[in-house]
Amino acid sequence: MSAPGGIQVTVNGESLLLPAGSTVADVLQQLSLDTRRVAVEVNLQVLPRAEHSAHRLDDGDQLEVVTFVGGGAC
Amino acid sequence: MGSDPFVIAGRELRSRLIVGTGKYPSFQVMREAHEASGADMVTVAVRRVDLKARGPENLLDHIDKSIFILPNTAACYTADDAVRTARLGREAGLSHWVKLEVIGDEKTLYPDIEGLLAATRALVREGFVVLPYTTDDVVAAKKLEDAGAAAVMPLGAPIGSGLGIQNRISILLIKEAVRVPVIVDAGVGTASDATVAMELGADGVLMNTAIALAKEPVRMAGAMRKAVEAGRDAFLAGRIPRKMYATASSPLEGVIGR
């Protein structure tokens, strides 16, 4: 179900429409996320930060974007 | 008094008290409590970024730069999820250390030892320094050490329960059985509980709720610092044997009227 000329990806369970050729760095920028504070998984594989701006997304890609939050156990 | 270094996987820590970052009334109180605790290692959870309601404040802005950040896999119920979370934590924090949790039961938050062992093996193969949160079971502790854990972290009582060390013998047995550091993780309610853990010979204590949910977290953090130090000193000093009857500590000679 991609938009014409675009791709649809899932970020943390939410659908996101992007122009074809978008990279992980583009997604983080669109979401106003500080790349130094997050980690990204694409289709269950961690994507190293150095590859964010080179990694182009495909239609249907599943992204997880995580950060650190307060916690001790569980 | 000689030096008494606390070393995990080659990293020397100044404090034998390791604390959490959850449940504090505010980031400001957390920061002050961290300082009062003297801890130089704190644990943090790895979670999805909330895309809808994201505040401007980030936890990491409120942790002193001199403190080592230990990502954890809290709330993971399978070895696979714990491994994925550890990898994400490493990428987000550039640390290859992880406080490994694989939970097996929602009510008790007891660890799933099978999953814990599987995840420990997998992460050690990937070069992680793995600190597993485990039951107070000497067999599980030995298996985790054999699997390559850099320390074992038996619970004193269920997470957040504040019940104190429920089975002192178990902690003693684990300390006797493994060579890696033993850190009592979970169950501490108040300062004396931390002291008991240290008097038993534990190498360190990890706690979150007992400080964060105290009426005065900063004061409790200071109390815990002293409790851990006192317990360690008492352990090293060597306690007197327990005896059934009294033994006078004043001379028996020269008592008037005899």
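Two residues are taken to be in contact if their C-beta atoms, placed from the backbone, lie within 7 Å. Helices (H or I, at least four residues) and strands (E, at least two) are DSSP runs, numbered from the N terminus. The model is predicted: local features need pLDDT of at least 70, side-chain atom pairs count only at pLDDT 80 or more, and totals for chains, interfaces and linings use all residues. Residues are numbered from 1 along each chain as its sequence is written, and chains are lettered from A and ligands numbered from 1 in the order in which they are written.

Chain A comes first. Chain A has one helix and five strands. From the N terminus on, these elements follow the order β-β-α-β-β-β. The C-alpha trace of chain A spans about 45 × 25 × 20 Å along its principal axes. Chain A has 74 residues, and 32% of them count as buried. A residue is buried if 20 or more other C-beta atoms lie within 10 Å of its own, exposed if 12 or fewer, and partly exposed in between, with C-beta atoms placed from the backbone. Among contacts in chain A between residues at least 6 apart in sequence, 49% join residues at least 24 apart.

Leu28(A) belongs to helix α1 (residues 24-30) of chain A. Leu28(A) counts as buried because 21 C-beta neighbours lie inside 10 Å. Leaving aside residues up to four places away in sequence, Leu28(A) touches Leu33(A), Thr35(A), Val38(A) and His52(A). Leu28(A) and Val38(A) are 10 residues apart along the chain, and their C-alpha atoms are separated by 9.2 Å.

The contact between the chains takes 24 residues from chain A and 34 residues from chain B. On the side of chain A that touches chain B, β3 (39-42) and β5 (62-70) of chain A each supply at least two residues. β5(A) gives the most to this side, with seven residues. The residues of this side of chain A divide into 14 nonpolar, five polar and five charged. Here Ala, Val, Leu, Ile, Met, Phe, Trp, Tyr, Cys and Pro count as nonpolar, Asp, Glu, Lys and Arg as charged, and the others, Gly among them, as polar.

Strand pairing also links the two chains. Two strands pair if DSSP finds at least two bridges between them. β5(A) pairs with strand β4 (residues 41-48) of chain B in the antiparallel sense, over five bridges. Phe68(A) has Val46(B) as its bridge partner in β4(B). Gly70(A) stands opposite Val44(B) in β4(B). Within chain B, β4(B) and β5(B) pair in the parallel sense over five bridges. There, Val42(B) has Ile69(B) of β5(B) as its bridge partner. Six of the eight residues of β4(B) are buried, so β4(B) is largely enclosed by the rest of the structure.

Strand β7 (residues 129-134) of chain B is also mostly covered, with five of its six residues buried. β7(B) pairs in the parallel sense with strand β6 (residues 97-100) of chain B over four bridges. Lys99(B) has Leu131(B) as its bridge partner in β7(B). β6(B), helix α3 (residues 113-125) of chain B and β7(B) make a right-handed β-α-β unit. A crossover is right-handed if, with the strands pointing away from the viewer, the path from the first strand over the helix to the second runs clockwise. Two bridges join β7(B) to strand β8 (residues 153-154) of chain B, and these strands run parallel. The bridge partner of Thr134(B) in β8(B) is Pro154(B). From β7(B) the chain crosses through helix α4 (residues 138-146) of chain B to β8(B), in a right-handed β-α-β crossover.

Helix α8 (residues 217-237) of chain B has 21 residues. From its first C-alpha to its last, α8(B) reaches 30 Å, close to the 30 Å expected at 1.5 Å a residue. The expected span is 1.5 Å times one less than the number of residues. The buried residues of α8(B) include Met220(B), Met224(B), Arg225(B) and Arg232(B). Their cover includes β3 (17-19), α1 (27-37), α6 (191-199), β10 (204-207) and α7 (209-212) of chain B. Just after α8(B), Gly238(B) takes a positive phi of about 85 degrees.

Ala9(B) has a positive phi of about 45 degrees although it is not a glycine. Ala9(B) lies in the loop between β1 (6-8) and β2 (11-13) of chain B. Ala9(B) is partly exposed, with 15 other C-beta atoms within 10 Å.
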